[in-house]
Amino acid sequence: MKNTAKRILVLSLPALLLFSCAPVHELKEENRTVPENFQAETDTLNSAQIAWREFFQDSNLVALIDTALKYNQEFNINLQEMARRNNEILARKGEYLPFAGVQAGAGVDKTARYTPLGANEATTDIAPGRAMPDPVPDLLFGATASWEIDIWHKLHDAKDAAVAEYMASIEGRHFMQTELIAEIASSYYELLALDNQLKILDRNIALQNNALEIVKLQKIASKVNELAVRRFEAQVLRTKSLRFGVLQQIRETENKLHFLLGSYPGPIRRSSEELLNIKPAEIHYGKPVDLLANRPDIREAERELEAAELQVKVARAQFYPSLDLSAGLGMQAFNASYLITGPESMLYNLAGDLSAPLINRRALKASYANASATQIEMAYRYEMQLLQAYLEVSNQVSKITNLNESLKFQSLEVDALNESITISNDLFKSARADYMEVLMTQRDALESKFELIETKKEQLIAQVVLYQTLGGGWQ
C-alpha cells in the first residue's frame with residue numbers, strides 16, 4: 001500500500017509543479033468585429049497581387065527599384081539576420097540528435113609507495129615475472145555518445161519555434177521590401193514634381209521679364225512711374241530666388257535616392273514627361289480578409305505568435321523530468337601494444353539519468369511566466385497589426401478619392417488664372433488695369449501651378465502607398 005501511494009506521488013509531481021507555477025492572466029474584452037469591405041461597393045480584385053514590375057510602368061523607376069533591391073545596405077543587413085535565424089534552426093535541430101565524439105588521452109601516474117594503492121601495485125605482477133611499471137603510463141582511446149530523449153517534445157518544440165522565427169524574418173524582409181519600393185517610388189515622383197516646378201519657374205521668369213520690359217517702355221512713355229518698374233523687378237528677383245530653392249530640393253531628393261540605391265551622388269535618370277500627364281494606376285482594393293494573405297507584416301506577426309506559443313510549451317516542459325542516456329566504448333592500457341592486441345584493455349559504459357526539478361524552481365517559474373506573457377503580447381500585437389492595416393487602407397482610399405476631386409478644381413483654377421494673366425497684361429497695356437493687378441495675377445498663377453503640381457504628386461504617392469498598404473510590392 002505504501003509503494004502504491006509513493007508511485008502515485010512520483011507520477012503526479014510534474015503536474016503539481018506545473019500548476020503551482022502557472023501564471024494567471026486576464027484578457028480584456030475587445031471589439032473584434034471585422035468589416036466586410038473597404039468601401040460601399042465590394043471589390044473582388046486586389047492589386048496587391050500584381051508584381052511591382054508590372055505595377056510601375058515607368059522604366060526608369062523600375063530600374064531604380066531593381067538596383068535598390070540588390071545594393072541597399074539595410075536590405076542586405078537584413079539578409080544576415082535571416083542567416084542567423086536559419087543557423088538557429090540547425091542548432092535547435094542538433095540538440096535532439098545524439099551527440100558522439102572521439103576521446104584520446106595520455107598520461108603518467110606515480111603512486112606513493114607507502115599507501116594501500118602503492119603497496120598493492122608494488123606487489124602485483126602484470127604477468128608471471130613481470131612487475132608493474134613505475135611510474136604507470138596511461139593511454140586511452142575511445143568513443144563517447146550522449147542523447148537526451150525528447151520525451152515531452154521540448155527540443156522539437158524549440159526547433160519548431162526557431163523555424164517560426166525564421167519564417168517571421170522572411171516576412172519581415174518582404175515587408176522591408178514593400179517599404180523600400182514605396183519609398184523609392186515616392187521619392188521618384190517627388191523628383192519629377194520638382195522638375196516640373198523648375199520648368200514652371202523658368203516659364204514664369206521669362207513671362208515676368210517680358211512684363212518688366214513692357215513696364216520699362218511704359219515708364220519711358222510716362223504711363224507708369226519708377227515704382228511700377230521696381231515692383232516688377234522685385235517680382236522677377238523673387239521668382240529667381242525660388243528657383244535656387246527648388247534646385248536644392250532636387251539635389252537633396254537625388255541624394256536620398258542614391259542612399260536608398262546604395263550608391264554615391266550623381267545624376268538620376270528619370271522621365272521628362274509632364275507630371276500632370278502621368279496617369280495613376282488603377283488600384284483594386286479587395287476585401288479586408290485579403291490583408292491576411294497579402295500583407296507581410298501581418299504574416300510576420302502571425303509567425304511570431306506561433307513561435308511564442310511554442311516557447312510556452314518549451315518553458316512548460318522544463319518542469320517535467322528529463323531522460324539522458326550516455327555511453328562509451330574504448331581501449332585503455334599502460335602500453336600502446338595492449339590497445340590493439342589485448343581484449344583485457346577494452347572498457348565500456350552505459351548509463352541512464354532521469355532528473356526533475358524539485359527545489360529552487362523560481363528561474364523555471366519566471367521563464368514560464370515570461371513565455372506566457374510574451375504569447376499574450378504577440379496575440380495583442382497581431383490584433384493591433386490587423387487593425388492598423390485596415391485603417392491604413394481606409395485612409396488611403398479616402399485620400400485618393402479626395403485628391404482626385406481636389407485635382408479637378410485646381411486644374412480649373414490654373415486655367416482661369418492663366419487666362420487672367422493674358423487679360424491683365426492686355427488691360428495693363430491699354431492703361432485699363434493697374435500694374436498691381438498684373439503682379440498679383442502673376443503671383444496667384446504661380447502659386448496655383450505649384451499647388452497643382454503638389455496635389456498631383458500627392459495623388460501619385462497616395463497610389464503607391466495604397467499599393468503598399470494592400471500588401472503589394474514583395475511578390
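Me: What follows helix 6, and what is its phi?
Reply: Helix 6 is followed by S222, and the phi of S222 is positive, near 65°. Helices here are DSSP runs of H or I with at least four residues, strands are runs of E with at least two, and both are numbered from the N terminus. This is a predicted model, in which local features need pLDDT of at least 70, side-chain atom pairs count only at pLDDT 80 or more, and totals for chains, interfaces and linings use all residues. Residues are numbered from 1 along each chain as its sequence is written, and side-chain values use heavy atoms, with hydrogens and water left out.

Me: Where is S222, and is it buried or exposed?
Reply: S222 sits in the loop between helix 6 and helix 7 (226-261). S222 is exposed, at a relative accessible area of 64%. Exposed means over 50%, buried under 20%, and partly exposed in between, with a 1.4 Å probe and protein chains only.

Me: What about H153?
Reply: H153 also has a positive phi, near 60°. H153 is in the loop between strand 4 (136-149) and helix 6, and is partly exposed at 47%.

Me: How far does helix 6 reach?
Reply: Helix 6 has 67 residues and reaches 97 Å from its first C-alpha to its last, close to the 99 Å expected at 1.5 Å a residue. The expected span is 1.5 Å times one less than the number of residues.

Me: And helix 11?
Reply: Helix 11 (residues 362-429) has 68 residues and should span 100 Å; its end C-alpha atoms are 93 Å apart, which agrees. Just after helix 11, A431 takes a positive phi of about 60°.

Me: Switching to helix 4. Which residues are buried there?
Reply: They are F75, N78, M82 and I89.

Me: What do they pack against?
Reply: The buried residues of helix 4 pack against helix 3 (59-71) and helix 6 (154-220). Contact means heavy atoms within 4.5 Å.

Me: What happens at the start of helix 4?
Reply: A side-chain oxygen of N72 comes to within 3.2 Å of the backbone nitrogen of E74.

Me: How does the span of helix 4 work out?
Reply: Helix 4 (residues 73-95) has 23 residues, which should span 33 Å at 1.5 Å a residue; its end C-alpha atoms are 34 Å apart, which agrees.

Conventions. A polar contact is a pair of N or O atoms within 3.5 Å; within protein, one must be able to donate a hydrogen and the other to accept it, and residues adjacent in sequence count only if both atoms are side-chain atoms.
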